[in-house]
Amino acid sequence: MATLLHIDSSVFPASASASRAVAETFRKAWEEQHPEGTVIYRDLAANPVPHLTADAHTAGFADPAAHTPGQAAAFAGRLELIEEFERADALLIGAPMYNFTIPSTLKAWLDNVALMGRTAGENPSAKGTPVTVIASRGGSYAPGTPREGYEYVQNYLRAVLVDFLGLDLDFIVPELTMAAQNPAMAELIPLFESSRERAHQDAAIRAKSLAERLAA
Ligand SMILES: Cc1cc2nc3c(=O)[nH]c(=O)nc-3n(C[C@H](O)[C@H](O)[C@H](O)COP(=O)(O)O)c2cc1C
């Protein structure tokens, strides 16, 4: 039975969050396909993981037998996150755009999980694991738009998730989510609505096909 690691990082509840709502659609389709499967859930807004400390970082490169008490304590927390990440057959990550990049809570999770020589580098331990990222954003940063050069969510996550952790990455991008609230964006409402609809459809299709593939 496959295990899904589902991570949310929006500061808003599902009723007001595009990434949480689309992730929920994914997860429902996954669970329908996989009623016996396991879902590990982390809400990084409700329960942030600690930022990396010098002890947590240096412990990753030292012999565990030689860890100081500070390193041992810090590394235990990191190992819990790493083992959870390695246990997953698939990952689902809600990554809203905040100030052009990912929420700091998600960055803190990545800093804990990315360990050179284990999860990251030459032969990463979760190599090939599929990861679906719901990259919600208030505006549009699609190729050809005026803000294209300010896009540090997909560009950054591609670098860390694919090039560093070796995962098999797929993005779903509900965009222009601010259109309904910002009068200056009123004419973009139809584009926002079609983006939202497509994101939910893609999430359901992707979850179903992944669950079928992993159960086979
Ligand atoms: C602190 C903060 C910063 C934001 N910065 C940006 C931004 O730089 N660009 C953008 O397009 N939208 C920005 N937004 C809008 C969010 O990307 C948008 O509300 C999106 O839907 C967030 O995902 P969520 O609905 O899952 O919370 C920001 C929102 C917040 C709360």
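Begin by selecting phenylalanine 100, which counts as partly exposed because its relative accessibility is 29%. The model on display is predicted. Phenylalanine 100 lies in the loop that runs between strand 3 and helix 4. Its backbone deserves a check: phi is positive, about 75°, although the residue is not a glycine. Most residues other than glycine have a negative phi.

Is asparagine 99 buried or exposed? With a relative accessibility of 73%, asparagine 99 counts as exposed.

**Helix 4 and its partner**

Next, select helix 3 (residues 69-87) together with helix 4 (residues 104-113). The two pack with their axes 8 Å apart and at an angle of about 90°, which means that helix 3 is roughly perpendicular to helix 4. To see the contact itself, display Arg78, Leu81, Ile82 and Phe85 in helix 3, which meet Trp109, Asp111, Asn112 and Val113 in helix 4. By class, the residues of this contact between helix 3 and helix 4 comprise five nonpolar, one polar and two charged.

Keep helix 4 in view and colour its buried residues: Leu106, Ala108, Trp109, Leu110, Asn112 and Val113. The elements covering the buried residues of helix 4 include strand 1, strand 2, helix 3, strand 3 and helix 5.

In soluble globular proteins, nonpolar side chains tend to be buried together. The largest nonpolar core in this model has 33 residues, among which Leu106, Trp109, Leu110, Val133, Leu157 and Leu161 touch the most other members. At least two residues of this core come from each of strand 1, helix 3, strand 3, helix 4, strand 4, helix 5 (154-164) and strand 5. Which element supplies the largest share of this core? Helix 4 does, with five residues. A second, separate core holds 16 residues, including Ala90, Leu92, Ile172 and Ala199.

Centre the view on leucine 161. Apart from neighbours within four places in sequence, leucine 161 is in contact with Leu110, Val131, Val133, Gly166, Leu167 and Leu169.

Then move to leucine 92, whose place is in strand 3. Leucine 92 is buried, because its relative accessible area is 0%. If residues up to four places away in sequence are not counted, leucine 92 touches Leu4, Leu5, His6, Ile7, Ala23, Phe26, Arg27, Thr132 and Ile134. For a distance label, pick the C-alpha atoms of leucine 92 and serine 209: the two residues are 117 residues apart along the chain, and these atoms are separated by 14 Å.

**Helix 1**

Select residues 18-33. Helix 1 has 16 residues, and the span from its first C-alpha to its last is 23 Å, close to the 22 Å expected at 1.5 Å a residue. Ser19, Arg20, Val22, Ala23, Phe26, Ala29 and Trp30 are its buried residues. The elements against which the buried residues of helix 1 pack are strand 1 (3-8), strand 2 (38-43), strand 3 (90-94), strand 4 (130-134), strand 5 (168-172) and helix 6 (189-215).

**Last stop: alanine 54**

Finish in helix 2 (residues 54-59), where alanine 54 is placed. Alanine 54 counts as exposed because its relative accessibility is 56%. Its C-alpha atom is separated by 8.4 Å from that of glutamine 71, 17 residues apart along the chain.

Definitions and conventions. Residues numbered from 1 in each chain as written. Predicted model: local features only at pLDDT ≥ 70, side-chain atom pairs only at ≥ 80, totals over all residues. Heavy atoms only, no water. Axes fitted to C-alpha atoms, helices over the stretch in contact; angles between N-to-C directions. Helix = DSSP H or I, 4+ residues; strand = E, 2+ residues; numbered from the N terminus. Parallel < 35°, antiparallel > 145°, perpendicular 65-115°, else oblique. Contact = heavy atoms within 4.5 Å. Nonpolar A, V, L, I, M, F, W, Y, C, P; charged D, E, K, R; others polar. Expected span 1.5 Å × (residues − 1). Buried < 20%, exposed > 50% of the residue type's maximum accessible area, 1.4 Å probe, protein only. Core = buried A, V, L, I, M, F, W, Y, C linked by side-chain atoms within 4.5 Å.
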